[in-house]
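My notes are below the display.

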Amino acid sequence: MTTGPRAWLLGLALMLNACAVVPPALPSKDSASLRYNIAYTREPEPALDVEIVLLPSSPSDFLFRQPERVDTVWAWREDGSSDALRLRDGAVHVPPGTRFLRYHYPLAPSRGGGWSFFSGMGDQDSWHVAGKAYLLRPRTVTPRLRVDLTVSGTSALLPWRADDGGVYHLRGEDLVDSGFHGFGGRRCEARVGASVLEVALLGSFTHLSDADLCAWLQQAAREVGTIRKAFPHPRITVRVVPVPGEDSPALFGMVQWSSPPSISILVGQDATAASFAGDWVALHEMLHLAHPTLLPRVAWLTEGLATYYTEVARARSGRQTAEQAWKELTSGFARGRSAARSRTMAEVVAREGEWQGIYWTGAFFALHLDVELRRVTHGRARLEDVLELLATRGPTSSLGSFGAAVDTVAGQPLFDALLARHLTTPAFSELDALLDNLGVRIAPGGVKLHAAPGSRLREAMDGERSPDDGG
């Protein structure tokens with residue numbers, strides 16, 4: 001890998017939108033149209049040689065969603081002749097009579113280039129890349145488009161499962177939301193109840209065994225069970241990538257909404273198993289699986305839910321005390337309030353680059369919404385019940401549908417009025433009164449929990465349910 005991971009990580013955190021967005025699912029009908037043959041090569045550099053086999057019914061316009069490392073695609077005809085097609089804004093038009101499209105995708109950065117969470121990062125025979133970076137896909141994906149895909153030259157962990165012959169049978173939309181991919185490395189599995197996490201370990205670690213890494217991911221998946229009745233998917237894939245010169249247990253993570261979802265996490269190469277006790281990144285990413293994807297995207301709500309539940313779940317599992325959970329929450333609220341200054345919530349969440357304000361404004365709203373649901377139902381309902389209800393309605397939702405589910409669980413109108421109060425007043429203006437009612441007092445070095453009108457409600461929130469081990 002190239003040097004400078006600290007600077008790169010800082011830039012990544014500022015640049016990325018933390019979690020990807022999935023478009024609505026397309027109708028499915030069987031009609032194979034394309035075949036992708038992906039060959040991993042080692043010499044003269046680690047790379048992917050991609051061949052797309054076309055049929056007469058195949059599309060004629062293709063594009064890279066993130067064109068960075070390919071500038072030429074070769075169009076081959078049946079007679080062996082070929083044309084070099086130069087990309088224009090990542091797109092190519094296929095000439096008539098083309099039978100194959102072929103191109104070379106280097107996984108290692110060019111000399112002087114930086115390593116990239118999306119475009120390719122790794123070492124020796126372990127590589128991480130986003131599917132949208134290296135897969136040339138049709139510009140227009142129709143509901144009938146079907147794809148067969150094979151990988152040769154190394155083992156691969158893709159979001160999907162191959163058949164017994166090693167062929168992945170995909171829908172066209174899988175090329176659009178293609179998730180994260182891992183090539184080479186080692187494998188392990190973490191099981192929680194009936195669900196399995198297939199894990200690719202893409203590099204070596206100084207102090208961590210493969211068992212340590214899989215146990216850490218299993219613990220995070222179990223903690224999701226303190227929020228949801230069961231892990232939200234029967235199978236997901238996770239890629240773990242070491243970052244040289246770092247000893248933090250997890251530096252950055254992201255979930256992408258492939259089908260099923262795929263997660264990738266950067267871990268300090270010098271981290272220890274003991275350091276995972278304080279990690280929150282793996283849990284945060286898995287908690288995004290607990291809520292539907294909101295379309296259009298509502299980052300403050302989805303990130304707020306995952307941020308709020310990260311602390312609640314760690315308290316419910318016993319990985320941190322209730323006092324520690326509230327210390328983490330109140331410290332985050334303080335950072336969010338500092339970022340928001342005197343602006344309203346609506347003004348804060350409209351500025352996409354201000355992640356401290358967006359995450360913690362959303363987390364405060366999630367807390368307040370949970371409190372109000374419990375209050376108006378006299379403890380019979382909670383915010384988790386909204387997630388369970390939405391899970392029965394499909395993988396995607398909207399802000400309006402989310403609010404309607406809240407009202408259904410509450411048994412009365414609740415969401416719109418509470419949201420309007422937050423959006424139109426200075427962010428966090430109701431925080432102090434809410435904490436006081438819950439019996440959370442900010443003290444030097446932490447927080448003190450004490451008896452208050454809402455302290456019984458608070459105790460139900462931070463210690464209500466033990467995780468369902470099932471593994």
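**Entry 1: helix α11.** I note at the outset that this is a predicted model. I began with α11, residues 399-410, and checked its length. At 1.5 Å a residue, its twelve residues should span 16 Å. I found the end C-alpha atoms 17 Å apart, which agrees.

Next I asked which residues of α11 are buried. I listed Phe-402, Gly-403, Ala-405, Val-406, Val-409 and Ala-410. Looking down the axis of α11, I saw the buried residues fall within an arc of 155 degrees, so they line one face of the helix.

**Entry 2: the five-stranded sheet.** I traced an open sheet in the order β15-β16-β17-β19-β18. Its pairing is mixed. I then looked at the edges, where β15 (186-192) and β18 (252-256) stand. Each has a single partner strand, so one side of each is left without a neighbour in the sheet.

I followed β18 to its partner. It pairs with β19 (residues 262-268) in the antiparallel sense, over five bridges. Within this pair I located Gly-253 opposite Ile-265 of β19.

Which strands of the sheet does helix α4 touch? I noted that α4 (residues 210-224) packs on the sheet and touches β15, β16 (195-201), β17 (235-243) and β19. The direction of α4 makes about 30 degrees with that of β15.

**Entry 3: Phe-183.** I found Phe-183 in strand β14, residues 180-184. Is it buried or exposed? Phe-183 counts as buried because its relative accessibility is 0%. I then looked along the chain to Asp-125, 58 residues away from Phe-183. The C-alpha atoms of the two are separated by 7.6 Å.

**Entry 4: a hairpin.** I picked out Ile-442, whose bridge partner in β23 is Val-447. β22 and β23 form a hairpin with two residues between them. In the turn, I read a positive phi of about 85 degrees for Gly-445.

Terms used:
Residues numbered from 1 in each chain as written. Predicted model: local features only at pLDDT ≥ 70, side-chain atom pairs only at ≥ 80, totals over all residues. Heavy atoms only, no water. Helix = DSSP H or I, 4+ residues; strand = E, 2+ residues; numbered from the N terminus. Expected span 1.5 Å × (residues − 1). Buried < 20%, exposed > 50% of the residue type's maximum accessible area, 1.4 Å probe, protein only. Arc of directions from axis to C-beta. Pairing = 2+ DSSP bridges. Contact = heavy atoms within 4.5 Å. Axes fitted to C-alpha atoms, helices over the stretch in contact; angles between N-to-C directions.
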